[in-house]
Amino acid sequence: MAFLSIPNVQIKGISACVPPSIEENMDYPLKEEEKLKLIASIGVERKRIADKNVCTSDLCLKAAEVLIKDLGWNKEDIDCLIFATHSPDYIQPATACILQDRLGLSEECYAMEISSGCSGYVYGMSSAAALLSNGVMKKALVLAGETPSKISSREDKSAWPLFGDAGTATAIEFVDGSDGIQFHMATDGSGKNAIYIEDGGYRNWFTPDSLKKITYEEGITRTKLDLSLDGMNVFSFALSKVPQSINKLTERFNIDKDKVDYYIFHQANLFLNERVRKKLKLDAEKVPYSLKNYGNTSSASIPLTMVTEIGEELKSKTLQHIACGFGVGLSWGSMYFDTDNIVCPELIIY
């Protein structure tokens, strides 16, 4: 079973960056009644949309630059860079390598990319923590972000109103003797079609037919290069697996759930997340949401929520957290960690 207890690492800072362009869901072309019902269900009133020339890497780069500066880190001392995204710059090369160069990090920096979508932040954190744990590497950056606006159809009411663009950076450091971070990770590839893009990879090559618009039902029109989201399957999966994962994590590592200050879930949608919260019997004040103003930002959603919703507390308090990412793959993972007066810059607009 994929349980990990990784000692000797601490989170030192978290930053987040969003583009300046705001799109209101009340402006989405649906009938007023349907629009209000949709917004109430998904919990997204507005989201940020990146310019066509701005990629996920640009948002993560800006978040990283500010965080490095505020931490006072020497870039030469950063040993590891993990980039978690499924919206990279290119098919090849890995954008993690490009970010190493753009950030001015050492050529000796370990750079790796993780394409796990909504669970990418947790997978990225587990990878970075494991690499630092024995003390050979001392400092790492986990950059997690997405620009789903580039892979969603504006004519798909099941996807376009839900997703927003964002990039984040998390700084981790080797600290000998610290309790570290505990994880539970899981995967079910049989659910791959629940969230996927059919064409454009090596299984289904791009062809002229990939650009043809297909109407699946009223209000859902997309091409085979656009994101396809099976909401009912995702709902059933998350409602079952997320509580299980958190319960397995807390039981395995003897974590007192009542002493956890915040539960930060991937921001899937409000209806689903609230069902998960109630199933776990968690107090509402312990479960922050960034959905209202930023939407579902996939791998960026956990750190973005921490920055926008509890940033002041992160800077001034010692807190215990459980985070859970879930989605594309299907994959999911939970992590238990402390923060102690960490560096948390104000939300960056770029």
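**Figure 1. The hairpin of strands S11 and S12 in the predicted model.** Two residues lie between the strands of this hairpin, and Gly 219 adopts a positive phi near 85°. Strand S11 covers residues 214–217, while strand S12 covers residues 220–222. The two strands pair in the antiparallel sense, and three bridges join them.

**Figure 2. A nonpolar patch on the surface.** The patch consists of Ile 91, Tyr 202 and Trp 205. Together, these residues have about 430 Å² of accessible area. Tyr 202 is located in the loop that runs between strand S10 (195–196) and S11. Is Tyr 202 buried or exposed? Tyr 202 counts as exposed because its relative accessibility is 54%, and the cut-off for exposed residues is over 50%.

**Figure 3. The protein chain as the setting of both views.** The protein chain contains eight helices and 17 strands. Its radius of gyration is 19 Å, close to the 20 Å given by the globule rule for 350 residues, and the chain is therefore as compact as a globular protein of that length. The C-alpha trace spans about 60 × 45 × 35 Å along its principal axes. Among the 350 residues of the chain, 56% count as buried. The accessible surface of the chain amounts to about 15300 Å², and carbon and sulfur atoms contribute 49% of this surface. Of the contacts in the chain with a separation of 6 or more, 78% are between residues 24 or more positions apart.

Key. Residues numbered from 1 in each chain as written. Predicted model: local features only at pLDDT ≥ 70, side-chain atom pairs only at ≥ 80, totals over all residues. Heavy atoms only, no water. Pairing = 2+ DSSP bridges. Helix = DSSP H or I, 4+ residues; strand = E, 2+ residues; numbered from the N terminus. Patch = residues over 30% accessible without salt bridge, like charges linked within 9 Å, V, L, I, M, F, W, Y side chains within 5 Å. Areas by Shrake-Rupley, 256 points an atom, 1.4 Å probe, with all protein chains shown as cover. Salt bridge = Lys/Arg side-chain N within 4 Å of Asp/Glu carboxyl O. Buried < 20%, exposed > 50% of the residue type's maximum accessible area, 1.4 Å probe, protein only. Rg over C-alpha atoms; globule rule 2.2 N^0.38 Å. Contact = heavy atoms within 4.5 Å.
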